[in-house]
Amino acid sequence: MSETDTHAEQGPSTRPHTGRRRNEAAHRAILDAALRLLADSDGTPVTIDAIARTAGVGKQTVYRWWPSKGAVLLDALTDRADQDVSDQPDTGALRTDLRAFIETTFDAAQRGTTASALRTVAREAARDPHLAELMRTFTATRRTALHELLARGRERGELAGDADLDLIVDQVYGVFWYRFLLGHGPLDAAVAERLAATLTEGNRVS
């Protein structure tokens, strides 16, 4: 084996952390760029070229991790939601957990670029099948988290055995999206408390 071959073989193992940090930084830059462009797009399609340019990376770097623009946008929205909405609360009391989940959801969705991005996707999904599918996938992950929280409460006997968990999830997100998109009423801690109380009391074991 030549000296050149030896150096080529050893190169990746001599500085593993530098490459990893660089990859993580590029990955984060791409997600942040996608969310920022989505928030500022005002209906203008967000492209892979624009995402790469804003993130300061090559287009092939984007395609290394995501197969399409939709996959990038979905990952960006999901990543931000995961940052803003902490792990599901589990205090052992359904009303407390539900209130915390709803309040955190309300608060996270109204922050800066997240609010603008969600409104853009919701608006454009009405005429763009690709974005509509993106929206369904994103909302499904949030619905699943809430459904699991409610299921724990039902297992503890805090909800009736025949309580319709899907309907309760619809009621929570129905209030959220209606007020978020139309802006006719607040989405704050007081609303979260009243909604949690109404849903737990209305579906408790009789």
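Visitor: Is arginine 99 buried, partly exposed or exposed, and what is its relative accessibility?

Guide: This is a predicted model, in which local features need pLDDT of at least 70 and side-chain atom pairs count only at pLDDT 80 or more, while totals for chains, interfaces and linings use all residues. Residues are numbered from 1 along each chain as its sequence is written, and side-chain values use heavy atoms, with hydrogens and water left out. Buried means under 20% relative accessible area, exposed over 50%, and partly exposed in between, with a 1.4 Å probe and protein chains only. Arginine 99, at 25% relative accessibility, counts as partly exposed.

Visitor: Which residue forms a salt bridge with arginine 99?

Guide: Side chains of opposite charge can pair when their charged atoms come close. A salt bridge is a side-chain nitrogen of Lys or Arg within 4 Å of a carboxyl oxygen of Asp or Glu. Here the partner of arginine 99 is glutamate 103, with the closest N and O atoms 2.8 Å apart, and glutamate 103 is partly exposed at 29% relative accessibility.

Visitor: Where do glutamate 103 and arginine 99 lie?

Guide: Helices (H or I, at least four residues) are DSSP runs, numbered from the N terminus. Both residues lie in helix H6 (residues 94-109), 4 residues apart, about one turn of the helix.

Visitor: How many salt bridges are there by this rule?

Guide: The count comes to 14 salt bridges, and Arg28, Asp32, Asp79 and Arg80 are linked in a network of them.

Conventions. Helices (H or I, at least four residues) and strands (E, at least two) are DSSP runs, numbered from the N terminus.
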